[in-house]
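Biologist: Before we use any labels for this chain, I would like to hear what each one rests on. Please go through them one at a time.

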Amino acid sequence: MSVDKAFREMIRNEIEVQLKPLRDVVSRLESGTADLDALRSVAERLAPLAQVVGPLFGANAPAAGKVGRRPVGRPAGRAAVSAPVAAAGGKRRGRKPAAAEGGARECAIKGCGKPSRTKGYCAAHYQKLRMLEKTNRRPSEWADYANPNSVEDIKLPRGRAASKALAEAAQKNA
């Protein structure tokens, strides 16, 4: 056997060893798709029965077309999607503003007027507070749980001025 053939055989064996797990996964996926096809055919055979019996139990009838398939294109508008969820007793994601809970405080920043969420600040000003803390530039009047409309807002520099301000703050704190 020549060196070339031995080298090729060594590479072929190494590739086979590396591809074996991938081949195993592919074969399992192929067997799984056969199961999914069988399940899909059962669902298609039961679709007429579901259309007849479903409304009796409060289920919505599926749209015309293939059963179990989502129509092509964009989903329905946000208002159309959220209305049935609210009607069915579902909850909206996220936290309600504090003002909706009754007697809530306003943001600590003067003139903001938004309901406070965390440490007496609205969501936007709390993010600004976190950034100021992270860069060691938090003003002393920006205290946690400050009274509503009691703190002056600061205008942060942008661009080159911002990088210079960050450098100055780093030198001051170092």
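Modeller: This is a predicted model. The largest nonpolar core in it has eleven residues: C107, A108, I109, Y121, C122, Y126, L129, L132, W142, A146 and V151.

Biologist: What makes this set a nonpolar core?

Modeller: The label asks for buried residues of the listed nonpolar types, joined through side-chain atoms within 4.5 Å. As background, nonpolar side chains tend to be buried together in soluble globular proteins.

Biologist: How many aromatic pairs are there?

Modeller: The count comes to one aromatic pair. Y121 and W142 form it, with 5.5 Å centre to centre and 15° between the planes.

Biologist: Why is this pair called stacked?

Modeller: Ring centres must lie within 6.5 Å to pair, and planes under 30 degrees apart count as stacked. The values are 5.5 Å and 15°, so Y121 and W142 are a stacked pair.

Biologist: Which parts of the chain does the pair link?

Modeller: Y121 is in the loop between helix 2 and helix 3, and W142 is in the loop between helix 3 and helix 4 (160-173). The two residues are 21 residues apart. L129, another core member, touches Y121 and W142, and also R138 and D144.

Biologist: Why is H125 called buried?

Modeller: H125 has a relative accessible area of 12%, and the limit is under 20%, so H125 counts as buried. H125 is placed in helix 3 (residues 123-134). Leaving aside residues up to four places away in sequence, H125 touches C107, I109, C112, W142 and D153.

Biologist: Is R23 buried, exposed or partly exposed, and why?

Modeller: R23 has a relative accessible area of 46%, which lies between 20% and 50%, so R23 is partly exposed. R23 is found in helix 1 (residues 3-53).

Biologist: What makes the link between R23 and E16 a polar contact?

Modeller: The side chains of R23 and E16 are joined at 2.6 Å, and the cut-off is within 3.5 Å.

Biologist: Which elements have the lowest and the highest mean pLDDT?

Modeller: Helix 2 (residues 78-87) has the lowest, 49, and helix 3 the highest, 90. Over residues 80-87 pLDDT stays under 50, and the model has two contacts for them beyond four places in sequence. Where pLDDT is low, the predicted coordinates should not be read in detail. The mean pLDDT of the chain is 77, and 73% of its residues reach 70 or more.

Note on methods:
Residues are numbered from 1 along each chain as its sequence is written. This is a predicted model: local features need pLDDT of at least 70, side-chain atom pairs count only at pLDDT 80 or more; totals for chains, interfaces and linings use all residues. Side-chain values use heavy atoms; hydrogens and water are left out. Helices (H or I, at least four residues) and strands (E, at least two) are DSSP runs, numbered from the N terminus. Buried means under 20% relative accessible area, exposed over 50%, partly exposed in between (1.4 Å probe, protein chains only). Contact means heavy atoms within 4.5 Å. pLDDT is the predictor's confidence in each residue, from 0 to 100. Rings of Phe, Tyr and Trp (its six-membered ring) pair if their centres lie within 6.5 Å; planes under 30 degrees apart count as stacked, over 60 as edge-to-face and the rest as tilted. A polar contact is a pair of N or O atoms within 3.5 Å; within protein, one must be able to donate a hydrogen and the other to accept it, and residues adjacent in sequence count only if both atoms are side-chain atoms.
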